[in-house]
Structure formats: C-alpha cells, structure tokens
Amino acid sequence: MSERPLPLVRQGMSDALPLGAALVAIGIAIGALSRDAGLSWWLACLASLVVYAGPAQVIAMNQLAAGAAAGTIVVTTFVASLRYLLFAISLDRKSTRLNSS
C-alpha cells in the first residue's frame with residue numbers, strides 16, 4: 001500500500017457523506033412514522049436496530065398504526081424484502097461472469 005491510511009480514511013468519509021445525509025432523512029421519517037404508530041422512542045430505536053431495511057420499517061410502522069396483527073406485519077415485510085434476494089442473485093451472476101473472464 002503506497003498511500004498513507006489517513007488520506008484514504010478522509011476520502012472514504014468524504015465519499016460517504018451523501019449516504020449519511022440520506023440516512024438521516026430516512027431516520028427522521030421512520031421516527032415520525034414510529035411516533036404516529038404510538039411506539040415509544042426506545043421501541044423505535046430497537047426496530048431500527050433489528051430491521052435493516054428501510055422499506056420494511058415504513059411498511060411495519062404503517063401497519064402498526066393501522067392496527068394490523070403481528071403475523072400480517074411479519075409476512076408483509078418478508079414479502080417486500082424478497083426483492084433483495086433477486087438483487088443478490090443478479091449480482092452473483094454478474095460477479096461470476098466477471099471472475100471467469
């Protein structure tokens with residue numbers, strides 16, 4: 001490694017700023033939805049730690065606010081998150097083609 005680590009860390013932090021800004025906005029939106037659903041602040045934080053998919057959190061908070069049953073929320077968020085499986089399959093096929101050439 002010819003470059004010093006500190007400039008690389010600074011570059012990485014600079015590159016990650018737009019993502020950080022987007023995550024702050026999503027966090028505020030999820031927090032507002034959690035409040036509207038009647039969750040306490042610590043349950044909203046726990047939900048963010050346990051559920052690592054923004055769309056699933058939005059779906060869950062909307063369904064909680066509507067009074068849906070827990071099983072319905074779990075199944076709905078599972079089905080909505082299946083798209084990540086399709087993304088992974090697509091990326092795996094592309095990386096296999098890149099590695100074989």
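Start by selecting helices α1 (5-36) and α3 (54-66), each of which supplies at least two residues of the lining of the largest pocket; helices here are DSSP runs of H or I with at least four residues, numbered from the N terminus. A pocket is an open set of points, on a 1 Å grid over the protein atoms alone, with protein on both sides within 12 Å along at least five of seven lines, and its lining residues have an atom within 4 Å of a point. The model is predicted, so local features need pLDDT of at least 70 and side-chain atom pairs count only at pLDDT 80 or more, while totals for chains, interfaces and linings use all residues. Residues are numbered from 1 along each chain as its sequence is written, and side-chain values use heavy atoms, with hydrogens and water left out.

Next, select L19, L23, I26, G27, I30, S48, V51, Y52, A53, G54 and Q57, which line the largest pocket. About 280 Å³ of space lies there, a volume being the space filled by probe spheres set on the grid points, which are joined across faces, edges and corners. Helix α1 gives the most to this lining, with five residues. Which classes of residue make up the lining of the largest pocket? It has seven nonpolar, four polar and no charged residues, where Ala, Val, Leu, Ile, Met, Phe, Trp, Tyr, Cys and Pro count as nonpolar, Asp, Glu, Lys and Arg as charged, and the others, Gly among them, as polar.

Move on to the second largest pocket, which holds about 210 Å³ of space. Helices α2 (41-50), α3 and α4 are the elements that give two or more residues to its lining, and the largest share, five residues, comes from α3. Of the 14 lining residues, select A47, V51, A60, M61 and L64, which lie nearest the centre of this pocket. By class, the lining of the second largest pocket has twelve nonpolar, two polar and no charged residues.

Return to helix α1 and select A25. Is A25 buried, partly exposed or exposed? A25 counts as partly exposed because its relative accessible area is 46%, which falls between buried (under 20%) and exposed (over 50%), with a 1.4 Å probe and protein chains only.

Finish at Y84, which is found in helix α4 (residues 70-100) and is partly exposed, with a relative accessible area of 35%.

Terms used:
1 Å grid on protein atoms, 1.4 Å probe; cavity = no way out; pocket = protein on both sides within 12 Å on 5 of 7 lines; lining within 4 Å.
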